[in-house]
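These are my notebook entries on a structure that I consulted. I set down each item as I looked it up.

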Amino acid sequence: MRIIFIYTTKIFKHNTKSFTPTSLIPSILRATPTRPMSQSVAIPKKLQRVRDHGYDDYMEVEKKMRKVLKFQDLILSQPTSVISISRLDTVARRLGLSLKQFEAGRFVLKFPHVFEIFEHPVQRILYCRLTRKAQLQIDGVNEALIAQIPDAVTRLRKLLMLSNTGRLQLEHVRIARKDFGLPDDFEFSVILKYPQFFRLFDAKECRSKYVEIVERDPKLTVCAIERLREREYREKGIDAEDIRFSFIVRFPPGFKIGKYYKIAVWKWQRVPYWSPYDDISGYDLRSLEAQKRMEKRAVAMIHELLSLTVEKKITLERIAHFRLVMNLPKKLKDFLLQHQGIFYISTRGNHGKLHTVFLREAYKKGELIEPNDLYLARRKLAELILLSPKKAYVDRELVRYRRGGEDDEMRNFNRDYAENSFSDFETEANGRHDGEGEDKLQSDLDCDSEPDYTDEDTDSEEGGDVGATRVLGN
């Protein structure tokens, strides 16, 4: 019985195997091996941001400097450039510089090299003013700003030429004036002063003012990246085809670069594109090739925009003001994160509310490679802000010690001078008295002879005796 059960079980297993679904698949298809899916060689649309501490530390200093400059402007706006601490706290809270009471006073005490607190000699109230070092640094920044106005004119002309219509809103330029090295009164000192380059007008459809370029100069249509490519070609001898449309790529430390990502970057570097200064209104932009060129043109546009700034950096929010007139994509942050080897976005400096875009090729270890005079003047002010408060207290103690030592020396010198003068005068007075006794003895012996002195000598002797009496009395 047991043998019959085993036999029937084997027959059942054999029949079930013969009716498996795989038996219905043709043998040719079963023999074909499955190939794994190929990896994409396109740059990913979304990449995780990798931090670079050199740029983040730069923005931490910028954060302190920005707040100190606001307090400086507040103090300098006063008629005498002096403000009381109580009024400073009230005005700072009104302007949003401080949120809590007495926070402005605490902030001022953190920077003794910039702000000086003193007591009013009559009112007995604490006042605040700028130190002499801070005033000298501010004067240096203003002088550097005025000296580079011709360069600022060129930068503004190139900025207007980047626009599709050759015009920009005056308010957008005013917001970014410090980034491009323009003075606060650039509307009069730059735009209206050079009517051969700029034209200011009011738009009919809105109440905004616009600044427009009068004539495009072909000499200004050369991009900064083109000059850099030429220098790289002449100095390093790189192949012309490899560098013709390429950008300088320097990835942040810790950025993971895979094999397929390298291939994607290599292909993207060789994609041709239109220059940011070219007029593209006559091109058909519906094809896939045109879209790739426009994407790379947007990278070149932001690269040129950053190259026109003084410190080769600008906030993402200010770039968004020029998005429509420069044909930039809508999602600027995601677009820039695709090219982290060219740009760096820092969220430090304002509690993550601002995004500052840096041009990576212009910086090395958090410092500008080719600094200008205005940048150096601003950095000197930043160095003054970063000085330790202990050094300021030590400097003050040294000044007091030197002044105290000088006062002691002057007191000793005056005392020695008075004692020497008194001893010399006493000797001279004793000599005079002895001379007078001899004269009287001689006059008694020669009483019949005429005196050999006049009234002038008598008056002088009497005056000398009176002066001697006054000095001895003292």
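Predicted model: local features only at pLDDT ≥ 70, side-chain atom pairs only at ≥ 80, totals over all residues.

**Entry 1: F107 and its contacts**

I looked up F107 and located it in helix α5. Its relative accessible area is 11%, so by the cut-off of under 20% F107 is buried. I then asked which residues F107 is in contact with, leaving aside its neighbours within four places in sequence. I found K67, V68 and F71. For V68 I also noted the separation: F107 and V68 lie 39 residues apart in sequence, and their C-alpha atoms are 8.9 Å apart in space.

**Entry 2: a nonpolar patch**

I stayed with helix α5, which spans residues 103-109, and turned to L109 within this helix. L109 has a relative accessibility of 51% and therefore counts as exposed. Together with I117 and L126, L109 makes a nonpolar surface patch of about 260 Å².

I next examined helix α12, residues 259-269, and listed its buried residues as Y261, A264, V265, W268 and Q269. Because these residues cover an arc of only 135 degrees around the axis, they lie on the same side of α12. I recalled that an α-helix has 3.6 residues a turn, so residues three or four places apart point the same way. On the other side of α12 I found K259 and K262, both exposed. I then asked what covers the buried residues of α12. The cover includes helix α13, residues 288-307.

**Entry 3: salt bridges**

I recalled that side chains of opposite charge can pair when their charged atoms come close. How many salt bridges does the structure have? I recorded a count of 19, and I looked up several of them in turn.

R51 pairs with D56, with 3.4 Å between the closest N and O atoms.

E60 and R348 form a salt bridge at 3.7 Å, N to O. This pair links distant parts of the chain: E60 belongs to helix α3 (residues 53-76), R348 to the loop between β8 (343-346) and β9 (356-359), and the two are 288 residues apart. I noted E60 as partly exposed, with a relative accessible area of 30%, and R348 as partly exposed also, with 29%.

K313 forms a salt bridge with E62, and 3.8 Å separates the closest N and O atoms. Since K313 lies in strand β7 (residues 313-315) and E62 in helix α3, the pair ties together parts that are 251 residues apart in sequence. Both K313 and E62 are buried.

**Entry 4: cysteines**

C128 is buried, with a relative accessible area of 0%. C223 is buried as well, its relative accessible area being 2%.

Conventions
Residues numbered from 1 in each chain as written. Heavy atoms only, no water. Buried < 20%, exposed > 50% of the residue type's maximum accessible area, 1.4 Å probe, protein only. Helix = DSSP H or I, 4+ residues; strand = E, 2+ residues; numbered from the N terminus. Arc of directions from axis to C-beta. Contact = heavy atoms within 4.5 Å. Patch = residues over 30% accessible without salt bridge, like charges linked within 9 Å, V, L, I, M, F, W, Y side chains within 5 Å. Areas by Shrake-Rupley, 256 points an atom, 1.4 Å probe, with all protein chains shown as cover. Salt bridge = Lys/Arg side-chain N within 4 Å of Asp/Glu carboxyl O.
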